[in-house]
2 protein chains.
Amino acid sequence: MNNNKRSKLSTVPSSRPIRVGFVGFSGGKGWVAKTHFMAIQQLSSQFQIVALYNDTLDSSIQTIQSLKLRHATAFDSLELFAQCKDIDMIVVSVKVPEHYEVLKVILEHSLENLNLRYLYVEWTLASDTKKAEEIYSITQDRTNLQTIICLQGRKSPYIVRAKELISEGCIGDITSIEISGNGGWYGYERPMRSPEFLYDIESGVNLISNTFGHTIDVLQYITGSYFEKINAMISNNIPVQFLLDENGKRTKETIGKTCPDHLLFQGILQNGKIPVSCSFNGGTPVKKLTKNLVIDIHGTKGDLKIEGDAGFVEISNLVLYFYGIKNGNGANGTPTSNGVKNSNETNEKKAGNSPTPPSADEEATMEVFHLRNYNSLVGNILRIYESIADFHFLSRPDVKRSANSKDLLPSNKFEKQGFKFEGFPTFKDAIILHRLIDAVFLSDRESKTLDVSKITI
Amino acid sequence: MNNNKRSKLSTVPSSRPIRVGFVGFSGGKGWVAKTHFMAIQQLSSQFQIVALYNDTLDSSIQTIQSLKLRHATAFDSLELFAQCKDIDMIVVSVKVPEHYEVLKVILEHSLENLNLRYLYVEWTLASDTKKAEEIYSITQDRTNLQTIICLQGRKSPYIVRAKELISEGCIGDITSIEISGNGGWYGYERPMRSPEFLYDIESGVNLISNTFGHTIDVLQYITGSYFEKINAMISNNIPVQFLLDENGKRTKETIGKTCPDHLLFQGILQNGKIPVSCSFNGGTPVKKLTKNLVIDIHGTKGDLKIEGDAGFVEISNLVLYFYGIKNGNGANGTPTSNGVKNSNETNEKKAGNSPTPPSADEEATMEVFHLRNYNSLVGNILRIYESIADFHFLSRPDVKRSANSKDLLPSNKFEKQGFKFEGFPTFKDAIILHRLIDAVFLSDRESKTLDVSKITI
């Protein structure tokens, strides 16, 4: 199996590209310019940027001019932008605290504007779960609208490869998982220009929602399992930070910080009752003796280790170490159709049937996966766009469906990616993750281990 | 400072050696022969084996003959053994489930037998905390009797060195700690000859009491802090094991197992509110990509990493990696008298005073500590015996006390080692650890995060 091939579209589609409108694409050096724009440039037959909405018209016009977006129109009204019949897909990439208001307007107009087929939002969906649930609930009535959430770590080639190795039984049954990560900021020092909302617990953008959120989403994705129970302890050990000047030197000024700088998280996965241990630290790490991101997955027949220089699995170039059995299917790694063993099967096996010792044809191998020049910042998001293109062009009535397109619902609406290799994460996937993050805060607040087996939808 | 020097006794003491009687020293190939006996052989001026009690007289006599213990008498009654005026020190090294009954008899007679000065017991003190507390409570009335518990990991030169580096501020303030370990047995397979009590939750000897117990004791010891709160999740994912034949080959026979095979533990240390994450796995590990024991300690100025081939910190030869500042005292690593910063100090510092960036004279260094030929099985226990000898010979009224001997109480009874470099762990240290382990089981059972700040004495 090769789930890492970049796109099912071997040729340029015969129909017109998906017309994309951006909320929050401002300037040639911001996040969108560095990521979405770069991805779309590489997929110019499939996507075309046709509209920009920003707080000021000037900023949109300047962006259009400086990046030569010759098909794009600048909008000075979010309402008119949302009503525009020439936009197939809206990408929302503003600060998370602004998501809710922007999405409410877009969704209001999407009831009338049936031309709008795709709504692609950066993680997190909203600044808190209540708002996110409200947004999700509105999209449920929009049968024509396909949602996409930017949990792009799932599309990292290292993550897909790890998922593939696990689902093929190459490391046997997983017995335990340990994760440690460093959340970059949130430490003793804060750059003068760093936006305030990053350090404000109310903004919903923090070590837990982002560093932990992306990583645990990826972990659930590669293991093919949600959690059964979890416990968390959240620390804000550094309530006051030093401000750094423009040269990165410490000034005498200090500033308060309300967001956490450490998360301890542990839980048991539903499938196979696998124990998972996580430690996420804020601050610029010293960490010379270990990487800033380490995911250790131990199995009965082998191990996987994923390492990254930065604690952000979704945007870092990674290294995947694999020790185990190639063609693991033979013995006990029989995957179900979606590559995930169900827990009954696993429990039964554990009661004395398995794991069988490696047989003669199961010689262990060790491998390292690393794409030296992989631009993960662009690449993972690019792969989400590719999945959208696959979905769009291959699910059109006039395009012959491939055998793999059975996941697409008759209504052409794709409910969630769940743990499938195909497709892309949706608002439903986002809601499940929002609820897990809520449980993390609740567990800490109430000093409890929580049952989270019912948070999935 | 050098806390790793082996003994303060530079010369052979002028008085007679400490006369040792063993309960459970049977045969030339068992635990005692491999450890305590080897240690005493190297300390023959300080210790002399004078008595053996075992279930059968024959086994004691055979041990005496085969190991040429020419000063030793075989006892066939535990009562007579406990009453013997020629024994200064009793070492109890029987199966943990038998500790309680043996200790009760010894302590009963110790009321009359004032010649008995030392009682040295293997960890755990008893098979459960209730019994251990009862034993501890009896020893409180025996002012003449000094207790010692064999938490020998504290004496490992790697652990002492790590403690020294931390207390000297060489890695700055600790920001987080992650531990993962493998508990050797408790996996899918059980050797035919392996004693049943190892797999029986009622015996009190298991992954939590032993693998976790020794490791977390060492962790508290090197950081100089007990826990404030903890959470635990205990798994028995392998309730049925395969029996292995004498060649280590899997038979078709299976056998039930009630003890856990995995522990997830996380907690916050009292000092510095340091988050600690632990994952202890049972079973023979595959683990080619990581060591069976890894303790990662991250600080604001550096890191420590302790690695071992086996998940047993107390008996494994280790490797200690250090990256940080030599002579760390200068900046912010001012230790208190016992090498431990108190939490007020740390919190104050964190509120905007510190940590200061490394100054010019604080150049970072990287070092690896490893004693290739160190026999940790014997060596760590040997160092406990050395500490006992130091205590015994240096605290005698006729011996001039060194400046360091202020820890010795006027009654000549040493209450607990706590976090001091000097001395040895006592029953009081054991009780604190027993209570922590109890909290681990309770936290799992009740799905709660527990306040453990009051369990210390």
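**Salt bridges, cores and symmetry**

Over all chains, the structure holds 36 salt bridges, a salt bridge being a side-chain nitrogen of Lys or Arg within 4 Å of a carboxyl oxygen of Asp or Glu. This is a predicted model, in which local features need pLDDT of at least 70 and side-chain atom pairs count only at pLDDT 80 or more, while totals for chains, interfaces and linings use all residues. Residues are numbered from 1 along each chain as its sequence is written, chains are lettered from A and ligands numbered from 1 in the order in which they are written, and side-chain values use heavy atoms, with hydrogens and water left out.

One of these salt bridges joins Arg154(A) to Asp217(A), with the closest N and O atoms 2.8 Å apart. The pair links distant parts of the chain, 63 residues apart: Arg154(A) lies in the loop between strand S6 (146-150) and helix H7 (157-167) of chain A, and Asp217(A) lies in helix H8 (residues 207-223) of chain A. Helices (H or I, at least four residues) and strands (E, at least two) are DSSP runs, numbered from the N terminus. Arg154(A) counts as buried because its relative accessibility is 2%, and Asp217(A) counts as buried because its value is 3%; buried means under 20% relative accessible area, exposed over 50%, and partly exposed in between, with a 1.4 Å probe and protein chains only.

In chain B, Asp429(B) forms a salt bridge with Arg154(B), the closest N and O atoms being 3.7 Å apart. Here too the pair links distant parts of the chain, with Asp429(B) in helix H11 (residues 427-446) of chain B and Arg154(B) in the loop between strand S6 (146-150) and helix H7 (157-167) of chain B, 275 residues apart. Both Asp429(B) and Arg154(B) are buried. Lys448(B) and Glu446(B) also meet in a salt bridge, at 3.5 Å from N to O, but Lys448(B) is partly exposed because its relative accessibility is 37%, and Glu446(B) is partly exposed with a relative accessible area of 41%. In chain A, a network of salt bridges links Arg16(A), Arg19(A), Asp86(A) and Asp88(A).

In soluble globular proteins, nonpolar side chains tend to be buried together. A nonpolar core is taken here as a set of buried Ala, Val, Leu, Ile, Met, Phe, Trp, Tyr and Cys residues joined through side-chain atoms within 4.5 Å. The largest such core has 93 residues, and those with the most contacts inside it include Val23(A), Val92(A), Ile106(A) and Phe227(A). Its largest share, nine residues, comes from helix H11 (residues 427-446) of chain A. This core draws at least three residues from each of domain 1 (18-150 + 378-426) and domain 2 (156-371) of chain A, the domain bounds coming from an automatic or database domain assignment. A second, separate core of 86 residues includes Leu116(B), Ile159(B), Ala162(B) and Leu304(B).

Finally, a rotation of 180° with 0.0 Å of shift along its axis superposes chain B on chain A, with an RMSD of 0.0 Å, where copies are superposed by least squares on the C-alpha atoms of residues with pLDDT of at least 70 in both. That is the relation of a two-fold axis. In chain B, the C-alpha nearest the axis is that of Lys448(B), 2.1 Å from it. The same surface serves both copies, in that 98% of the contact residues of chain B recur in chain A, contact meaning heavy atoms within 4.5 Å.
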